Amino acid sequence: MANNMINVALPKGRLGEKVYGMFAAAGYECPSILEPNRKLIFENGATGVRYFWVKPSDVAIYVERGAADIGVAGKDILLEYMPEVYELLDLNVGRCRMAVAAMKAFRDNPERTLRVATKFTRIAREYYAGLGRDIDIIHLNGSIEIAPILGLSDVIVDIVETGKTLLENDLEPIETIVPISARLIANKVSFKFHGEQIEAICRGLAQQVKQ
Ligand code: PRP
């Protein structure tokens, strides 16, 4: 692969399509990306950008290891995995929040260790450490909302977007831990060697950010 191209890891799915729209509006379009096929890599020699669709939670790994020069990752992933990357811009899309939720009938007993089910173990640990609260972390990979229903945990720490998943499972949010949105990130070495190109992309994207 030619190394004068900027490799961009985009999160596959609805958020990625929105983010690609921002890149396109900033002048980095790649029309072939819109063709209905299952290709994962698209490039446009004219703009010098090559896009990859990757699993959203993998974007930071591609960027940290330099397989992508830049990428777009959720703040949740950045807080959880703390990748060694530069965070350049808040794109203000993919907005949601990391929250604690529990069954509506749940009443906390501060004397007891709190059982917390989550995919985001670092975020949960740091949050409760800040409160000085003893917890027992139960690491799950998905469908976290089921844990309190079945008595596997007292609370969950998870992403809440519309709140519909909680509502439909008789859960309610108790606390917001941190607001989340998609961020433009860059590999540290790439930023040193392709700083101008990356900063030009960043400036173009900044103009597309809606507040
Ligand atoms: C997230 C999260 C919740 C849901 C919240 O799951 O884990 O289940 O979205 O959204 P809502 O507040 O709009 O209902 P996601 O669909 O990202 O997939 P996951 O199960 O892999 O976490």
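A salt bridge here is a side-chain nitrogen of Lys or Arg within 4 Å of a carboxyl oxygen of Asp or Glu. This is a predicted model, in which local features need pLDDT of at least 70 and side-chain atom pairs count only at pLDDT 80 or more, while totals for chains, interfaces and linings use all residues. Residues are numbered from 1 along each chain as its sequence is written, and side-chain values use heavy atoms, with hydrogens and water left out.

**View 1. Asp154 and Arg115 meet in a salt bridge.** The side chains come to 2.9 Å, N to O. Asp154 sits in the loop between α5 and β9, and Arg115 in strand β7, so this pair links distant parts of the chain, 39 residues apart. Helices (H or I, at least four residues) and strands (E, at least two) are DSSP runs, numbered from the N terminus. Asp154 is buried, at a relative accessible area of 15%, whereas Arg115 counts as partly exposed at 26%. Buried means under 20% relative accessible area, exposed over 50%, and partly exposed in between (1.4 Å probe, protein chains only).

**View 2. Glu87 and Lys75 form another salt bridge.** Here, too, the N to O distance is 2.9 Å. Glu87 belongs to strand β5 (residues 85–90) and Lys75 to helix α3, so the pair ties together parts that are 12 residues apart in sequence. Lys75 counts as buried, with 18% relative accessibility, while Glu87 is partly exposed at 37%. Look around this pair for a network of salt bridges linking Lys75, Glu87, Asp90 and Arg183.

**View 3. Lys188 pairs with Glu84 in a salt bridge.** Their side chains meet at 2.9 Å, N to O. Lys188 is in helix α7 (residues 188–193) and Glu84 in the loop between α3 and β5; the pair links distant parts of the chain, 104 residues apart. Lys188 is partly exposed, with a relative accessible area of 30%. A search of the whole structure finds seven salt bridges.

**View 4. Helix α4 (residues 121–131) has buried residues.** These are Thr121, Ile123, Ala124, Tyr127 and Tyr128. They cover an arc of only 165 degrees around the axis, which puts them on the same side of α4; the arc is that of the directions from the helix axis to the C-beta atoms. An α-helix has 3.6 residues a turn, so residues three or four places apart point the same way. Ala129 and Gly130 are exposed on the other side of α4. Cover for the buried residues includes α3 (75–81), β6 (96–103), β7 (114–118), β8 (135–139), β9 and β10 (171–180).

**View 5. Ile146, Ile149 and Leu150 make a nonpolar patch on the surface.** Together they have about 300 Å² of accessible area, calculated by the Shrake-Rupley method with a 1.4 Å probe, where for residues only the protein chains shown count as cover. Patches are made of residues with over 30% relative accessible area and no salt bridge: like charges are joined within 9 Å, and nonpolar side chains (Val, Leu, Ile, Met, Phe, Trp, Tyr) within 5 Å. Leu150 is found in the loop between α5 (146–149) and β9 (155–160), and is exposed at a relative accessible area of 68%.

Conventions. Contact means heavy atoms within 4.5 Å.
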